[in-house]
Amino acid sequence: MSILWMHRLLTAAALLALAAPLDAQTASAPALKAAFVYNFATFAEWPTDATPAGPLTICVLGDEVIALALDGTVKGRAIGGRTVVVSRVKADALLTCHVLYLTGFDAKRSQEIIDGLKNAPVLTVSDQHRFAQAGGIAGMFVEGGKMRFAINVEAAQRARLHLSSRLLSLATIVKDDHAHP
Amino acid sequence: MTTQAHLLLGALMLSVAVPARAQTRPMDLSVATIEDLMNIEITSASRKEQRVEEVAAAVYVITHDDIRRSGMTSVPDLLRLVPGVQVAHINSNKWAVSVRGFNGLYSNKLLVLVDGRSVYNPLFAGVIWDTEDLMLEDVERIEVIRGPGAAVWGANAINGVINIITRPASDTAGLLVRAGAGTYERNNLAIRYGGTVGSGAYRAYAQLSTHGDSVGVSGADANDHWRSVTSGFRSDWTRGPNAYMVQGSVAAGEQRALWFNLDPAAGLQDTSSVSSTQAGNVLGRWTRTRASGAALQLQSFVDIGHRGESIGDYQRQTVDLDADYHSALGRRHDLVVGGGYRYIAEAVRGGPGYSFDPSRVSESLFNAFVQDEIALAGRRVKVTLGAKFEHESDDGTTVQPTARVMWNINKRQHVWAAASRALRTPSLVDKGIRINFRPTPASATSPPVFITALGNPAAQNERFISNEAGYRIDIASRIAIDVAGFIGRYQGLQTAEPSAPTVAFVDGRPVVHVSTVFDNLLDAQTRGGEITARATLTDAWQMDGSFSAFHLTPHLNAASHDPGAATFDGSAATFEWRGHSAMSLGPRVQADLLLFHVGSLRELGIPSYTRADARVEWKLTAPLSIAVQGQNLLGPAHAEFATGTTTLLSTQVPRSAALRLTWRF
């Protein structure tokens, strides 16, 4: 009798141990931002005429910690059959990027960088204040201790990027603060 | 072996084998879904980022939204939202705040930090809240840890840690102007401007708050109005893997603090004197992060303050330097190590009837802590072992250890338990205060009685052993329930031991003199718990509520003659509950209703009360919003605390209404 009871208890414990795996429990801010950047790339489709073959390039401008975190995140991964590479770039060589993560620029300078892309199909991402409202595509921000993101759908359309509805359903949808060409 | 034994063995092997396999695949953020990433939350329970659900401690977070929607305008009032925290109005500019009991004007078992800067007053090891008039629009969140946090934060984090975290400057860009007026919270004006320069962001702000009179015991105005001016800045910037933060503020205030005048020559209960306070601080922080998440942080602050009160004058300077390093070690260990140095200099000038010996002290405090979180059973179980070591020239070296275990049953259910030892080291008040209370008037049967309270130069540490456990469940992402329970044992709590009365003759008339000396002759056991529930009823309507229970049993020491020890109840109610309904009435209007019930404080003779607050905020245009609120709506006024033999008059909280306009550009 008592063995049967223990058996049931242990079976229950084993079943509990088999239940769904856990989330990542702790994350540094850079690791979390890098994971978001990688995730954005998985939810985007680039126009067919943009860099048809070769790897998918995630460029990082202005933040070595994120670049290092992305190195670890993308290692050995592929998006839509394309290998993913992380590239540290300068502000004057951005057109080879599929995704551009930039940070640490004031509003005026980041505006110049966005304008410099001339609506090229680059998924721009930043954690700068009101980045998406300033014409960027995805802006990350912290709210209530959790990471959130805003998407500027018009900016994505200008860059001829298609973003999945799953991504948009999780985003705060924003509009341009100012008119863009 | 029998079939049952085989099954048993099989089940055992299964329960061991499954987690072991999971262990070979360490957690990887890139395989987490984006929905999961959005659930990762950040707390400071162990000086590192962690999801609230997975902290092996009783944690409650007041979010930026909670702050705005509560309508509360001061940090102590905001803490009314937290279960297990006792908040009581003493008068218009003084509060009693404690966690899990031991409440009073001089609560001394609680650590309060603003962006890592300790704001407690080393004179009595507590917080005088009137100088912490923060601009609440800039507060990102307030994390409250109930139970000892001493293993990381050190002495005085005995019953709890309150961590106020302001927003990074990058989150407060633009211009904000707030103007308000009310019947109790009087006129207030705040201006903040934030912007970016290169790779950094900054903000600067100034705030003026004026507060009206509370209601005296007789029902008349208590004449305890006050005002404060605070101005400050914060700047954050990054360069490569380095993040920097510098902030500072200056504050000045003037209060009718209602101190009893101790001078026998002055009129009886003359409480009309004006107190003035000045304070300033600067804090700098450098964080260097590696891609692995390992981070080194150096932080330093300088904090100076002055209080001029009718009963005395107090000055302090604090210089603090801290370093900590957080890194994973192998696949199982997550290590935080740190150390620090703090220099405190204090000077007190007594007034009539009130003095300190010594009146001027300085102390150097060294500390080191280590904390290791060990992942077991496929990261389902995490064991945290930690200890804080402190060395102070007078009090020697102390060790404050903790052991915590967190069992993540699955994504939605978490169970934790903890055992900790924490200490409160004696403050200057405990060691060197001398108060001559006003003599009782002579009567037909008794000559006048003089009472003197004296500190004890040999004051001991108060010792606390805490055992806690908790359970959290998330039901369909709609309802979150958090339950925590505790049993604690205190040893060497402070008592005031009376000496035998002596009779002296002054001008030929007899007077009786009784002195009391602080000693550490009370032990006590506390038991209790808190239940919190948050429910998202619809997208536009959220409710949350909590219930907390507290009971203290004093264990008298035969050597003690403290007359209050036998009836000591921790100055906390046995039961408290609170509820908050947050509703959106369309995209522009938010309506909030808050209810608080606090049971009676038996020892202090304060009856139970229920408080109701209501608030409506209407977004008139994109930059302009208007909020109308009423507080303490259920009655004209009620008392929340009695300060007993301390030297301050306690009053009643009035019913009030206020209006606030906020522009954001």
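Is L189(B) buried, partly exposed or exposed? Select it and find out: L189(B) has a relative accessible area of 41%, so it counts as partly exposed. Keep in mind as you click around that this is a predicted model, with scores of ipTM 0.75 and pTM 0.77.

Select L175(B), L189(B), I191(B), Y193(B), V197(B), Y202(B), L208(B), V229(B) and F665(B): together they make a nonpolar patch on the surface, with about 810 Å² of accessible area. Colour β9 (185-197) and β10 (200-211) of chain B, the elements that supply two or more residues each. β9(B) is the top contributor, giving four residues.

Now jump to L134(B), in the loop that links β5 (117-118) to β6 (139-146) in chain B. This leucine is at 17% relative accessibility, under the 20% cut-off, so it is buried. Show its neighbours: leaving out residues up to four places away in sequence, L134(B) touches V75(B), V114(B), V139(B), I164(B) and Q207(B).

Last stop: colour chain B by pLDDT. The average is 86, and 91% of the residues score at least 70. Select residues 1-27 of chain B, where pLDDT stays under 50 and the model has 31 contacts beyond four places in sequence. Residues 42-47 of chain B also stay under 50, with 24 such contacts. Coordinates in low-pLDDT regions should not be read in detail.

Technical notes:
Residues numbered from 1 in each chain as written. Chains lettered and ligands numbered in written order. Predicted model: local features only at pLDDT ≥ 70, side-chain atom pairs only at ≥ 80, totals over all residues. Heavy atoms only, no water. Patch = residues over 30% accessible without salt bridge, like charges linked within 9 Å, V, L, I, M, F, W, Y side chains within 5 Å. Areas by Shrake-Rupley, 256 points an atom, 1.4 Å probe, with all protein chains shown as cover. Salt bridge = Lys/Arg side-chain N within 4 Å of Asp/Glu carboxyl O. Buried < 20%, exposed > 50% of the residue type's maximum accessible area, 1.4 Å probe, protein only. Contact = heavy atoms within 4.5 Å. pLDDT = per-residue confidence, 0-100.
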